[in-house]
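Hi,

Here is the structure I promised to pass on. My notes follow below it, with the cut-offs spelled out.

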Amino acid sequence: MPVKVVVFGSANMDLVAFCPHLPAPGETVLGTGFQMANGGKGANQAVGCVRLGAETWFVARLGQDSFGHQLYESFKREGIVTDLVLRDPDFPSGVALIFVDSKGQNQIVVAPGANGRLSPHDWQDRDDLWDAAKVLLIQLEIPIETVVAALTAGSEAGLVTILNPAPARPLPEDVWNRVAVCVPNEREAEAFSGVTVTDPETAATAGRWFLEKGVGSVVVTMGEKGSVLVTPTGWVAFPAFPVSAVDATAAGDAFCAGLAVRLAEGAPISDATRFANAAGALSCIRTGAQPSLPRRNEVEAFLQSHQKV
């Protein structure tokens, strides 16, 4: 039977414009293409988990608009358990405005809409949410009080709690010791720790800040520079897999999904990190957020062909 993963988070409609270079303040850039795709960090990670073979429960809020209908129906098609994907009558679905340059780098602005209304009251009477679950995966595009409540409930239920602290936002000091694994990118690691992250050594230094706050383990992702796993016993760098990137929009979400599924399956965190690196790399070779998320057979085949990396 597949392992069960619970994902809390945002769901957005992504409006993606492709351009030769990212605009500077006040600059208008003529685009080279446009794409509308399902997105949102929570939704991306939920889709990533189900494609990698997990029974995935998603807790989220959508508007009662056309974007919300499209997002909800896509979750059903993917096979996500949608019992707690709620429809808000008063707020629109979230929207993300994304610019992607010729090198695959991006800039993103998110209008949260109904995501900002996700409340602990939406799920606290559903004890079956935690039944047989192994991992809780959550991000910061939803209200902080909901993040704290979910991490508390998940840790008390014995789940491996994974926090992707994106976007970086202030958190209560007592929330960190409810996080088993924290997965910031280099910018988020800098924002929280104050350490400028430029290489594996500085990533490890930033990672130790999270350990000192009470987090069990930290994985700092650095895009084409790979990732760094930091634990109480030391740190290890995982080089990035070489790919020809066209769009890095959901690479971090693919990484988090890969890490969550392998940890739910009982893999050591080092093995889970390498698997997550591969999932993140594969997501960069296709455009769009959810359209780019790889399936389990793709990741396993990719790892088989890159055994020495």
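In these notes, buried means under 20% relative accessible area, exposed over 50%, and partly exposed in between (1.4 Å probe, protein chains only). This is a predicted model, where local features need pLDDT of at least 70, side-chain atom pairs count only at pLDDT 80 or more, and totals for chains, interfaces and linings use all residues. Residues are numbered from 1 along each chain as its sequence is written, and side-chain values use heavy atoms, with hydrogens and water left out.

Buried in helix 5 are T202, A203, A204, A206, G207, W209, F210 and L211. Their cover includes helix 4 and strands 10 (181–182), 11 (217–221), 12 (227–231) and 13 (234–238). Just past helix 5, G214 has a positive phi of about 120°.

Helix 4 (residues 186–193) packs on helix 5 (residues 200–213) at about 55°, with the axes 9 Å apart; the axes are lines fitted to C-alpha atoms over the stretch in contact, and angles run from 0 to 180 degrees between N-to-C directions. A189, F192 and S193 of helix 4 meet A206, W209 and F210 of helix 5, contact being heavy atoms within 4.5 Å.

Elsewhere, G158 sits in the loop between helix 3 (144–156) and strand 9 (160–164). G158 counts as exposed because its relative accessibility is 59%.

Best wishes

Definitions and conventions
Helices (H or I, at least four residues) and strands (E, at least two) are DSSP runs, numbered from the N terminus.
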